[in-house]
Structure formats: structure tokens, C-alpha cells
Amino acid sequence: MNIPSFLVERWIGKYEWTVPYDLAETGVFPLKVEELYALDSTLPERIAACQLDYGVNTGRTELRGAIAEMYQGKSADDILITHGAIEANWLLMHALVNPGDRVVCTWPVYQQLWQIAAYLGADVRKWDFRRDTDFIEIRKLLEKPTKLLIINSPNNPTGVAFTREQLQTLVELGENAGAWVSCDEVYRGLAYDHHAVAPPLTALKSARTITSMSLSKVFGLPGLRTGWIAAPPEVREACLRFRDYVSISSPKISDLLAETAIRHRDKVLARNRQLLNRNHRLLTEWAAAHRDVVKLETPQAGTTAFPEYLAAMDSETLGRRLVEEQGVLIVPGFCFEVEQHFRIGYGCATEVLQAGLERIAAFLKPIS
Ligand SMILES: Cc1ncc(COP(=O)(O)O)c(C=O)c1O
């Protein structure tokens, strides 16, 4: 069996190590190990003394306990540690989806979230949530028995975040269709303007909700590769059966650093909030100043935006020419199956974002 290329990964991987203005990354400008050491004076010693055997398959109890504190009513036993949210999603799909199952997924979205289900032989239905604000289409999609409803909120690439009420409606619709309802929440934690951070899906009233999450985005710690699943026992156990074949356990050093970041999340998120608030403002001011070349739905949460551009050029050519002529890396819309758009990750250093945005506008002006 073969699987189509993961377009975002292939695109970014081609350019990211050489381009001067990288607006393709989706995490917050990453922390250094020394910044985590500064949060807990015992950490350097514990890292030095860490014996490098395999870790616990499900993840260290202390780490799972720290994570569980972020989920009301959950304990360490409700959490399964994974190698980033990417493994969490991979495990969930393999655990839940069989050939012929109906799977409904928010769209446009991170390709992994529907591609794995399609690869496994599911009947995948993409729900274009941007064009269905009254939830009419999703009701129709969920009229038939469904195995899994996959939500990504806040959404990559658009930065749209569902409210608590919207999530509750989706959970009810999914449950009525007999589905597990899973939300990829890697961009959850920071919201802008009047938007509130919605609760994790597993906090809603339902026995069939699942959350996948990681420290890669709003925490700014993608290098730890620490992710997790919060889910009912039968789902976690099915995921663990696959995990034993894929990654066995997570690196013990990462577990220690991750636990510190989570226990001190107020400080970590305060650092990241400051950067993101500044960059979000810069991005919205830029879009307002350049309405003649781009149209932007202001992102409500997370770290990504998905502007539409007016120039008559396919998105792949736009992306390639921006790299070659302006030294700016964005992700072209074709990686999300949406033309006339490009994705910006605005969690980078403010100077990089500012220079990158100016160059994009300078490139688009003469051709729009
Ligand atoms: C929606 C979404 N889920 C999961 C991931 C994977 O993140 P990680 O494995 O670093 O947690 C990404 C990365 O861009 C993403 O955008």
C-alpha cells in the first residue's frame, strides 16, 4: 500500500533550513533548554542523572499527572503520552478506523487528519466549515452512521476556533451518528481579541470525546516531541496496542523537560502570549494596509493565518517565487487543496515576520 505525500511536510522540508524569512513554521519561536532550566533549579541535575533506558510505555506517571491537571476530572490514567500529536493522530486513526467506515473531518485542515483515514480505506467526507457557519451541511453529513468525527480547533490553516457551544453541538451531532468525536487541539491555549479559549473537547458532556494535543505549538517546544491523547480507556488501550509497534516509549529526557514546562505553564504561556499578541497585531495591521493584494479573515486563536491573494498566479508558483525572489517561505494553498491562498505561521521572531510580510506585499503589489 502506498500513501500520498504529506504536502506541507514536503514543501517546508525543501526550503526551511536555508530561507532567511521562514513564515511557514507553525509553532511559537521555540524555547531553549536553558529557559526550562530557569523554571526549576533541580532540573539540570535531574537531567544529568537521568538513566537512558526505555521510558514507561504509556509515559511517566508524573508527566501524565501534570497533563491531567489541565483536564478537569481527569487523572494520570486517562492520558497516553505520544511522540507529538502526529503520533497521537496516527494511533487514533489506526485504533478506530476500518475500511469502509465513514469518517467526517473539518476542512481545510492539516492533511494528516483526513489522509490517514483515507489510506486506511475509510469513506472520508470533508466538511468545509468556513462555508457552513449555520451547521446545515454537517447535519446532513452526520445523518448516516459515522465512525469518527475529526475536528481541528483552533484550525490549521485558518486560525478559526469553535466556541464551546459549537463544539457541544458537534459532539451531539457526532454522538447521534454513533461516532467517536476527536479534536486535534495542538493550537489551543491562546486566543485573540474578544475570543475565549474553548475548553478541551473531553471537558464536554459526553463519553465519546477524544483530545489529541502536544507541546509543539502554543508551548513552543516542538523539539521535545511530547504529545498525548486524552480518551476513554478502550480507545487508549487500542492506541497503546499500535504504539507498541511504532515507538515503544517516549524519550525520558523529553518527559522530564515536558513535565517542567507543563508545571510552569503560566510562565511559558505568558512568554508566548506576549510574542503572539504582538505578531497577531502586526499581521492584522499588515492585512488592513494591503487590502489591494490580500484578504484576511483575522485568526481567532492559534498561530496560523490563511490569507487569500488577488494576483492571478497558482499558489505553488507564488510559493516558489517568494522563496527564490524574496527569501520568504510561506505554505502555498495547494498543500491544503485550496488555491488563491497561502498559510502564514506568525509565531516566529517579530523582526522575521515584519520583514517577511513586507516582502510578500512588495512581491504581490505589481502583479495584483
Ligand atoms: C493540526 C496539527 N496537528 C498535529 C500536528 C503535529 O504536531 P506535533 O507532532 O509536533 O505535535 C501539527 C503540526 O503542524 C498540526 O498542525
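Trainee: What is the order of the strands in the open sheet?

Mentor: The open sheet of seven strands goes S2-S8-S7-S6-S5-S3-S4, with mixed pairing. Strands (E, at least two residues) and helices (H or I, at least four) are DSSP runs numbered from the N terminus, and two strands pair if DSSP finds at least two bridges between them. This is a predicted model: local features need pLDDT of at least 70, side-chain atom pairs need 80 or more, and totals for chains, interfaces and linings use all residues. Residues are numbered from 1 along each chain as its sequence is written, and side-chain values use heavy atoms, leaving out hydrogens and water.

Trainee: Which are the edge strands?

Mentor: S2 (79-83) and S4 (123-128), each pairing on one side only. From one strand to the next, the twist averages 20°.

Trainee: How many bridges join S3 to S5?

Mentor: Three, between S3 (residues 102-107) and S5 (residues 148-152), and these strands run parallel. Look at Val 103: its bridge partner in S5 is Leu 148.

Trainee: Which helix packs on the sheet?

Mentor: H4 (residues 61-68), touching S2 and S8 (226-230) with heavy atoms within 4.5 Å. H4's direction makes about 110° with that of S2.

Trainee: How do the axes of H5 and H9 cross?

Mentor: Two packed helices are described by the angle and the distance between their axes. Axes are lines fitted to C-alpha atoms, for helices over the stretch in contact, with angles from 0 to 180 degrees between N-to-C directions. Here H5 (residues 84-96) and H9 (residues 233-246) come within 8 Å and cross at roughly 115°.

Trainee: Which residues meet there?

Mentor: Among them, Trp 90 and Leu 91 in H5, and Phe 242 and Arg 243 in H9.
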